[in-house]
Amino acid sequence: MCRRGTLFTYSVVHSGMDAFKDQTPYVVALVKEGQQIRLARVEGYTDRHELVVGMDVDFMAEDQEGHPIYRFSSCPE
Amino acid sequence: MRSVSVIGIGETRMGRFPERSLRDLIREAGETALNDAGIERSVIQALFMSNFNAQFLNGQGHIGPLAAEVLGLGTIPAIRVEGACASGSLAFRQALIAVASGLYDVVLVGGVEKMAHLSTESVTEGIASASDFAQEAALGATFPALFAMIANRYFHEYGNVREAMAICAVQNHENALLNPDAQLHKQITVEHVKNGLPIADPLTIYDCSLVSDGSAFVVLAATDVARTVCSKRLVEVVGSGHAGDTLTLASKGSLTTFAATVSAAKQAYAMAGVGPADIHFAEVHDCFTITQLINIEDLGFFSKGTGAFGVTDGKTAASGLIPINVSGGLKAKGHPIGATGLSQIFEVVTQLRGEGGARQLPRADVGLTHNIGGTAATCVVNIFRGR
């Protein structure tokens, strides 16, 4: 079973703070699950990904600080 | 509440000044404002100092007494006011309330920031403290990323306004060419903006405001006192509003209209007894190009979703119906965070007095400033009228 959300909005970040410098480009997004919208990271971005509002993302885990982490959806419909 | 007027203004040039100290910037802008007002410094009864983050950027807190010492203001009360990028306007509003209440007759408001000596990564981290650091910055959501998410949501709700965003930057750069205090005197094109260094999609480096050092000061007086000392055109503060919103982006009711702007503008218009159509020109908070588009809609100059048409039709150009950021804005004049709101007021007062030189607008009797902090978690709007 996949826990799935949709992109409410997103950005591919190319220039970050020192702590995130090595991770660029990375995706931050507001992800909607039910009525809840949370700020999240979406892992696995490559320049082959075409991001659009409303696309599905799959919940992976929460990081150590409790921030939600998703990945681009690969679950069966 | 008593009527309050601006009787003095002063600012430094905005820019990258590694050789200049906080003291040095404060001294130049503060003394210029006092000389402009033509008053003895002994007349000043209180100092309201705006600064966003000198503790992180320069290791310096307690900016109030620092500025009072530099300007020789003796033992008067000095207080620091902080509201992220809206700090300057927020300090101005606290000073306005203090004079309007009758507590003081003449006060000084100042703002300063020195940030350009640090690396882009360090400045980005310093600015990130204006968001929710634990929930947003710690996830890698920088300010450009937060406003990029606002832009992508705006595209989804109202259509792709990339072209109009780029024109905002081009126009602000063009306006700054005529402003001697501006950090950048550099003409750019829509293609430069679209093809610039990517920061956070869809924003490139040309969609982002500048990292600046600078300071700006304003002298405020009760209007009945101002009439006795002011030899220039009197500029009355006829309207002022201040509102807030949630700190985090994810908690906001809407990403494409800023509730704090709508509320602050409503208060300011009601107090001034005017509407958006009565405003001759405005300085609005263009921290990013998308913000300028959203602001001109939220302030009522254009209906929601149509700001881009206003921009592409030239209505916001210096020669247009409602000139926006004739100073060059945060984008090209500069964004020394704690000084920015006061630098906007400097421009509006300059225009209302007819002292704009090469950039003087032909119609300048009623001007508005709009200043936000964070992702519009704080907003202050002021309306000024030349008497």
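Reply: Contact here means heavy atoms within 4.5 Å. Leaving aside neighbours within four places in sequence, B:F301 is in contact with B:Y269, B:P276, B:I279, B:A282, B:I296, B:I322, B:I324 and B:L368. The model is predicted, so local features need pLDDT of at least 70 and side-chain atom pairs pLDDT 80 or more, while totals for chains, interfaces and linings use all residues. Residues are numbered from 1 along each chain as written, chains are lettered from A and ligands numbered from 1 in written order, and side-chain values use heavy atoms, without hydrogens or water.

B:F301 is one of the residues with the most contacts inside the largest nonpolar core, together with B:F147, B:I290 and B:I383. That core has 82 residues (buried Ala, Val, Leu, Ile, Met, Phe, Trp, Tyr and Cys joined through side-chain atoms within 4.5 Å; buried is under 20% relative accessible area, exposed over 50%, partly exposed in between, with a 1.4 Å probe and protein chains only). Helix α6 of chain B, residues 143-158, gives the most to this core, with 10 residues (helices are DSSP runs of H or I, at least four residues, and strands of E, at least two, numbered from the N terminus). Another core, of 36 residues, lies apart from the largest one and includes B:A222, B:L342, B:V349 and B:L361.

B:I290 also takes part in a helix pair. Helix α7 (162-176) and helix α11 (289-298) of chain B pack with their axes 8 Å apart, at an angle of about 100° (axes are lines fitted to C-alpha atoms, for helices over the stretch in contact; angles run from 0 to 180 degrees between N-to-C directions). The two helices are therefore roughly perpendicular (65 to 115 degrees). On the α7(B) side the contact uses B:A164, B:M165, B:C168, B:A169 and B:N172, and on the α11(B) side B:T289, B:I290, B:Q292 and B:L293.

Not counting residues up to four places away in sequence, B:N175 touches B:A318, B:I324, B:N325, B:V326 and B:G328. B:I324 is also in contact with B:F301.

Chain B also has an open, mixed sheet of nine strands, in the order β3-β2-β4-β7-β1-β8-β11-β10-β9 (strands pair if DSSP finds at least two bridges between them). Its edge strands are β3 (78-81) and β9 (281-283). Helix α14 (337-353) of chain B lies across β1, β2, β4, β7, β8, β9, β10 and β11, running at about 175° to β10(B).

Notes. Parallel < 35°, antiparallel > 145°, perpendicular 65-115°, else oblique.
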